[in-house]
Structures are given as structure tokens and as C-alpha cells.
Amino acid sequence: MSTGTATGSGRTRRLTVAQALVAFLARQFTERDGERHRLIRACWGIFGHGNVAGLGQALLETGADRMPYFQGRNEQAMVHAAVAHARQTARLSAQAVTTSIGPGATNLVTGAALATVNRLPVLLLPGDTFATRPADPVLQQLEAVSAGDVSVNDCLRPVSRYFDRVTRPEALIPAALQAVRVLADPAETGAVTLALPQDVQAEAYDWPEEFFAERVWRVRRPAPDAEALAEAAAVLRAARRPLIVAGGGVHHSEAEQALAALADATGIPVASTQAGKGSLRHDHPADVGGIGHTGTATADDLARTADAVLGVGTRWSDFTTASGTLFAAPGVRFVNLNITAFDGHKMSGLPLVADARAGLGALTDALAGHRVERAYEDAYGRARARWEERVDRAFAGNGDPAARPTQARVLGALDALVGDEDIVINAAGSLPGDLHKLWRARSPRQYHVEYGYSCMGYEIPAAIGVALAAPGRPVWALVGDGTYLMMPTEIVTAVQEGIPVKLVLLQNHGYASIGGLSEATGAERFGTAYRFRAADGSYTGDPLPVDLAANAASLGMDVLRAGTAGELREALAVARACDRPVCVHVELAAEPEAAVPEREAAAGTETESGVPGAQAWWDVPVAGTATRPAARRAREEYERHAAARRRYL
């Protein structure tokens, strides 16, 4: 490929495409409320023939002072670490991830989907096959018989908010500018992919100096439209049983104090989604806990009778709405305060398109002098107190320090230990349900549960990303055995970098969450236990003799084994004080059930582990015809609940 000189006047700098990209990224900043943040704080990378001589050489030449580099072990895990870092920094900073072509690039897809689903920025820089096609095919090239310009990187298109393939040096300038624009835009952000053919990465070009000038991308706080604001205030003033649903946008906007001010002024109760939990401190009088299928009885009962619902920064996922069955009051109206118009129009609500902090402040002013009836406040206050008693019972278990702990008791021991500065991370399995119901969030950034994509394997790399963004704060990764087996590889990275993540590894011998869901839907826990095959060919034999604690130790972690509730408390205290990566391994007493059978959920009873059952439905279709009695019974329950589903029009 020929080289060229950039058009225009002024000085130029001769660099490879990869060197130019790294130099450009090192000079990009965001600014909000007068505070400046480096947009791309670091680059994760695993090198192969598609990027080793391009971006690998460029990062080496640029130096760690201008673009820090972290060595990962799994491409998907590197994205998880970068995404968690972005969430911890309120989306004001991001990280880049570079991989080789082929399997390295396609391993990015899951992480990219997670980033885009959760509206979190990450920059993906996968290598690509030759733009000049000196040989066809080259190693790891996908041959698409109907299109010569397709590569495996095209699978990143549907999971990226912006995608471009840089096939010539001069194309980098507009592509890079568009990439950082999307990364810094709170209404558009997500995974951004710049596919970089390996020959183009290494090609020299004369770049205009202006390309490397410092750029500040101001993250503004757009105010709501005056007419929409007046209408929203009128809806809330007219409501007798209003409810606020706080989503992840509250945290992204750093609007927690503004939300508290609105709740203090009006007395409107605040429920939270998984992403929004911690928007109010757990002991705030208006905080009624998690909402939806994994929510509290307090929040879900309020939702069923709410006549007006203010959603703040929420995507209104099916878990939040109980698959369209939770908000049951006739004529219930929704007001959606969201910086993204796409989300603002959901639930056929009134869109209040604005920054969460700006919008909450404007609503507080517009509602000046208005407060809900005292009887309503008193009623949800009493319901809060009753729920707290249930949490206390679940955390305490049977009270025997010599007993093997349940999952709820693990959370109780951790709850008794942590302070405001601790951060708890989880993503998948039965833990998200228990955490959403039971965890007492003490600070805005303490509760970090990724439940938009609910991706197994997220927790350990996420803990690394969070720890890099919040040095000095204790970071806990809560992981079941199923998730651990998916992706323990970044333990090595934590050890290498001396990042003192604290892994709590719960052994329950299988996919406990899906096991409970399987039972509830008539599939009888088929294929969900980690056991040997029995004589009939089913996985119902003895548990597999795996030792995950030994595995964690083999990867370099300090390991503490806790066999009893008393040993657990001691081990967690030691782990919290540890200044290097440490694992607390816990063999659970009983398999927890995240998805209780609906006959229990309807009654609001507690599971065997003491965790309150599901307080609202979740739509998981059940076999329409079956010969096994369990499936037929489950179908009857399904049809009963599905009949209550509605579309909010």
C-alpha cells in the first residue's frame, strides 16, 4: 500500500497508523461539572500476528506514562475489566482493548454486547486481515463466498454502538474522531469498534499535528424541556400513590444527592433496579429496596398500586416490570426521565429527555410545596420495617456458628463486616436475586451487579477494573462455582499487578440459579448439577471431586477455606485486611434457589435458605404440551400469570 501526506497546511508527524492512534487517544479528555478526566486511561491487550507489530509496537514506543498497558489472559475478560472501570468512573473514563485477528477478535463479542446493553463505554481495537490482500486467504481469514470485504470482525457490528474498519491511513482521522465522540456521549455510548487490518496498522503516514492536539469532550447536563417538565410535575402532583424507580442512569449522572433531595421534599418512595441500587442509602426513609422479580415485597406491593411512576435512568427491563405484570393499577402513568430518547419513550410514558441530575433538580423545583399524604408514607415505612426483619432472619440463619453457611448467611457475614468504602461485585447465578432483595447498600458505588447481560465470568475481571478505578477501596467479587469455572483466568492478572481483589467463591456444585428456574418451569433441574452420571445416564451421581480453592491457589491467590459460619466471619475479616489477591472458599450448606416455584412466590414464602421468595413474576415460557406431570403443572401456573401481562399503551 502506498503512503501519502495529509492534506492541508502546517506541520506533520510521520508515524504508523497504530502509533498515531495511540498518540491521539492519549490526548482525549472528558469534562463534566468543571472536572477533567482522561478518556482512555489504559489499554488492555493480548498480542498475536494481527496486532503485535502494530498496536503492540505502538504501545511500547508510546510508553506507560502516556498510555498504560495491562496484560490480559482472556479477550472477553479484558472487556469486562474495562467496562467495570467505566461504570466505576461514571462513564467519564474508559479503557481500550486490543486483540489479534481471528479467535482473539471474536472473543470480544460477549464483552461488547455486555457494554452496549449496559450503556457503558469501551473501545475495541481488534486486528483484522490484510487490507491489501497479498495472499488470499491468510491465516485465520474467514472466506465469505459472497463478499470479499467481510471478516470475522463484522460479527462485532450488531453489538457495537459505532463500528468502522480503517482500510487506509487517512481514514483513521474521521474514524477516531467518531469513535471518541460516541464513547463520550452519555446518550449514545457503548462498545465502539475500530477494526484495524494488520498491514494498515504498521503503515507509515504523515499526520497533521492538529490530529494530536488535546481535545476535551464536554459531557453536558441537558435540562428538560419546559413543557414536558410542567406536564411531568402535573402527573406527579395529581398522583395519590406515586413511586420513583431509580435506574443505572442515576449513578452514571452522579445524581444520588438530587434524588435524595426530591425524595426528602416530596416523600415519594424510591425503588431501585439492579443497576440503580444504592441510589439512596439503604436506611433512607424513602428507600424501599429493589423492584421487580428480584425485588422486595415493599417495592413490588407499592408498584402494583402505583398510579404514577417516575422512572429515572432505567431501561425498563423485564425483570423490573415483572414481564409487564407488575404495574397493575388501571390508568397508571409513567414519566421517564432519561438522557436517551429511546428509553424515554418506553412504557408509553411521558419522555422527559434530560440528564438525571438536571432533571431531578428541575422536578424538585417544579414540585415545591407538594408532598404525598402522611398515611402513604407511614404505610410504606411500616412495610420497610417488616422487610428489614425478614432480611435480618435470612442473614442470621439458624445462628449456629458451627453450622455450614447458606448463601444468605454469607451475605449476612459480609454485610456485618463492610463499610461505606467497600464495593461488592456480582453478575450471574442465584446471587443477583439474593443481593437485590437483601443487600444494604451504604454508598452510591458499593453495589455493582451487572444484570443487563447477566454475564457469567464477569466478576473477577470486573473486580480488577473497579480496583484500578478506585484504588484503596476493598473490592469483593462474589462468585459461584459455575461462574468461576467460566473464567478464572484473570486471577493471574490480579496477582501479576498486585491488585488486592477479594474473591468469595461459593461452592454449590452446579448451576443453582438455573436449577431453581428449571424446577419452577417443569424441567426438573435437568442438566444443572455438577455430578457424575448415574446408572440411568442422568447427572444424578456423586458431586464431582473438584477443588476450586486449590485451583485459585495454583493461580497465585492466597486462599482461606471456611467450613462453618464462624470460620467464614474470621476468613472474611482476614481477607478484608489482606493487601494481595485473596480467595475465601465456602462450601454452602444447601443449594440456593433464585427462581422459586411460583406457588411459593405467590405466597411470598421463604426458600430453604431463608431468602424471601420471588415477589413478582418473570416470563420464562413453559412447554405448551408435555407428558411429564411437572411440566403440565408448570404450564398451568404459567398461563395463570401470563393472563395478567399487559402492554402499557
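The model is a predicted one. It contains 6 cavities of 30 Å³ or more, and the largest cavity has a volume of about 180 Å³. The structure holds 0 disulfides.

**Cavities**

- Of the 18 residues that line the largest cavity, which has a volume of about 180 Å³, the ones closest to its centre are His 282, Asp 287, Val 288, Gly 289 and Glu 388.
- Strand 14 (287–290), helix 15 (374–396) and helix 17 (431–438) each contribute at least two residues to the lining of the largest cavity, and the largest share of that lining, 4 residues, is supplied by helix 15.
- Sorted by class, the lining of the largest cavity consists of 7 nonpolar, 5 polar and 6 charged residues.

- Thr 98 lies in strand 6 (residues 94–99), and it counts as buried because its relative accessibility is 0%, where the cut-off for buried is under 20%.
- The side chain of Thr 98 comes to 3.0 Å from the backbone oxygen of Leu 125, and Leu 125 is also among the residues that Thr 98 touches when residues up to four places away in sequence are not counted.

**Cysteines**

- With 0 disulfides in the structure, Cys 43 is in no disulfide, and the nearest cysteine sulfur, that of Cys 155, is 19 Å away.

**Buried helices**

- Helix 16 (residues 407–417) has 9 of its 11 residues buried, and it is therefore largely enclosed by the rest of the structure.
- The buried residues in helix 16 are Gln 407, Ala 408, Arg 409, Val 410, Leu 411, Gly 412, Ala 413, Leu 414 and Asp 415.
- In helix 10 (residues 256–266), the buried residues are Glu 256, Ala 258, Leu 259, Ala 260, Leu 262, Ala 263 and Thr 266.
- Those buried residues of helix 10 pack against strand 12 (242–246), helix 9 (248–252), strand 13 (270–272), strand 15 (308–312) and helix 14 (356–366), and just after helix 10 the residue Gly 267 adopts a positive phi of about 75°.
- In helix 5 (residues 109–117), the residues Gly 111, Ala 112, Ala 113, Leu 114, Ala 115 and Thr 116 are buried, and the elements that cover them include helix 3, strand 7 and strand 9 (191–197).
- Just after helix 5, Arg 119 takes a positive phi of about 55°.

**Ala 234**

- Ala 234 belongs to helix 8 (residues 226–238), and it is classed as partly exposed because its relative accessible area is 43%, a value in between the cut-offs of 20% for buried and 50% for exposed.
- Although Ala 234 and Ala 366 are 132 residues apart along the chain, their C-alpha atoms are separated by 8.9 Å.

**Backbone features in loops**

- The peptide bond from Asp 136 to Pro 137 is cis, with omega near 10°, and Pro 137 is located in the loop between strand 7 (122–128) and strand 8 (162–165).
- Ala 90, in the loop between helix 3 (75–88) and strand 6, has a phi near 60°, which is a positive value in a residue other than glycine.
- Ala 90 is also buried, because its relative accessible area is 2%.
- Met 347, in the loop between helix 13 (341–344) and strand 17 (350–353), has a phi near 60°, again a positive value in a residue other than glycine.
- Met 347 counts as buried because its relative accessibility of 15% falls under the 20% cut-off.

Note on methods:
Residues are numbered from 1 along each chain as its sequence is written. This is a predicted model: local features need pLDDT of at least 70, side-chain atom pairs count only at pLDDT 80 or more; totals for chains, interfaces and linings use all residues. Side-chain values use heavy atoms; hydrogens and water are left out. On a 1 Å grid over the protein atoms alone, a cavity is a set of points where a 1.4 Å probe fits but cannot get out, and a pocket is an open set with protein on both sides within 12 Å along at least five of seven lines; lining residues have an atom within 4 Å of a point. Grid points are joined across faces, edges and corners, and a volume is the space filled by probe spheres set on the points. Ala, Val, Leu, Ile, Met, Phe, Trp, Tyr, Cys and Pro count as nonpolar, Asp, Glu, Lys and Arg as charged, and the others, Gly among them, as polar. Buried means under 20% relative accessible area, exposed over 50%, partly exposed in between (1.4 Å probe, protein chains only). A polar contact is a pair of N or O atoms within 3.5 Å; within protein, one must be able to donate a hydrogen and the other to accept it, and residues adjacent in sequence count only if both atoms are side-chain atoms. Contact means heavy atoms within 4.5 Å. A disulfide is a pair of cysteine sulfur atoms within 2.5 Å.
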